[in-house]
Amino acid sequence: MDKSAGSGSKSEEKREKMKRTLLKDWKTRWSYFLQNSSTPGKPKTSKKNKQQAFIKPSPEEALLWSEAFDELLASKYGLAAFRAFLKSEFCEENIEFWLACEDFKKTKSPQKLSSKARKIYTDFIEKEAPKEINIDFQTKTLIAQNIQEATSGCFTTAQKRVYSLMENNSYPRFLESEFYQDLCKKPQITTEPHTT
């Protein structure tokens with residue numbers, strides 16, 4: 001009986017250690033994404049502005065992300081944190097697809113539109129794609145037809161489905177995550193009672 005009590009304690013220690021390791025890995029990934037994420041099409045800014053761009057968000061800013069999924073996606077930090085969270089859940093293809101579609105919709109040149117459509121299709125849509133997203137067969141078939149003569153709306157249906165999937169499944173889990181909860185905590189300020 002002593003052995004089972006000892007192994008239960010060791011098992012609990014092992015779980016706690018794994019949890020700490022996962023949290024540390026998650027924070028490292030989030031930090032990496034913050035440092036390496038850049039908005040496509042925008043020129044690099046000065047070193048001073050770049051340093052300011054990667055400051056940890058305030059608890060108030062992080063709390064805004066819980067008001068709406070769009071608030072999270074509109075924040076550079078929020079997007080990087082959410083992306084790292086999806087990576088930790090092995091479903092980062094969803095946000096990558098959504099971002100690729102956002103970039104695709106901004107494309108003006110018909111030639112670029114066509115080549116980007118094929119790239120998105122081969123990366124995310126076709127069977128056995130390296131980052132295949134989870135959408136139904138009919139939507140995949142519709143996209144395959146639409147990319148023959150690519151328009152900015154080729155992926156609209158699939159993008160809406162992936163957005164909905166993230167908003168209804170991943171986003172609530174992100175808001176419950178220990179890392180997000182830590183971001184929302186205000187620093188504890190200890191005050192000494194004033195004596196007169």
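1. Glu132 and Lys140 meet through their side chains in a salt bridge, with N and O 2.4 Å apart. The term stands for a side-chain nitrogen of Lys or Arg within 4 Å of a carboxyl oxygen of Asp or Glu. Lys140 counts as buried because its relative accessibility is 16%, and Glu132 is partly exposed because its relative accessible area is 30%. Buried means under 20% relative accessible area, exposed over 50%, and partly exposed in between (1.4 Å probe, protein chains only). The areas come from the Shrake-Rupley method with a 1.4 Å probe, and for residues only the protein chains shown count as cover.

2. The model is predicted: local features need pLDDT of at least 70, side-chain atom pairs count only at pLDDT 80 or more, and totals for chains, interfaces and linings use all residues. Residues are numbered from 1 along each chain as its sequence is written, and side-chain values use heavy atoms, with hydrogens and water left out.

3. The whole structure holds 10 salt bridges. One of them joins Glu102 to Lys105, with the closest N and O atoms 2.9 Å apart. The two residues are separated by about one helical turn, because they are 3 residues apart in helix H6 (residues 93–105). Helices (H or I, at least four residues) are DSSP runs, numbered from the N terminus. Glu102 is partly exposed at 24% relative accessible area, as is Lys105 at 38% relative accessibility.

4. Asp103 forms a salt bridge with Lys116, at 3.1 Å from N to O. This pair links distant parts of the chain, since Asp103 is in helix H6 and Lys116 in helix H7 (residues 110–125), 13 residues apart. Asp103 is partly exposed, with 30% relative accessibility; Lys116 is partly exposed too, with a relative accessible area of 27%.

5. Ser177 sits in the loop between helix H9 (156–176) and helix H10 (178–184). Ser177 counts as buried because its relative accessibility is 12%. A polar atom of the Ser177 side chain lies 2.7 Å from the backbone oxygen of Phe174, and a polar atom of that side chain lies 3.2 Å from the backbone nitrogen of Tyr180.

6. On the surface, Glu67, Asp70, Glu71 and Glu167 gather in a patch of negative charge. Patches take residues with over 30% relative accessible area and no salt bridge, like charges being joined within 9 Å. Asp and Glu count as negative, and the charge is placed at CG of Asp or CD of Glu. Glu71 belongs to helix H4 (residues 69–74) and is partly exposed at 36% relative accessibility.

Notes:
Patches are made of residues with over 30% relative accessible area and no salt bridge: like charges are joined within 9 Å, nonpolar side chains (Val, Leu, Ile, Met, Phe, Trp, Tyr) within 5 Å. A polar contact is a pair of N or O atoms within 3.5 Å; within protein, one must be able to donate a hydrogen and the other to accept it, and residues adjacent in sequence count only if both atoms are side-chain atoms.
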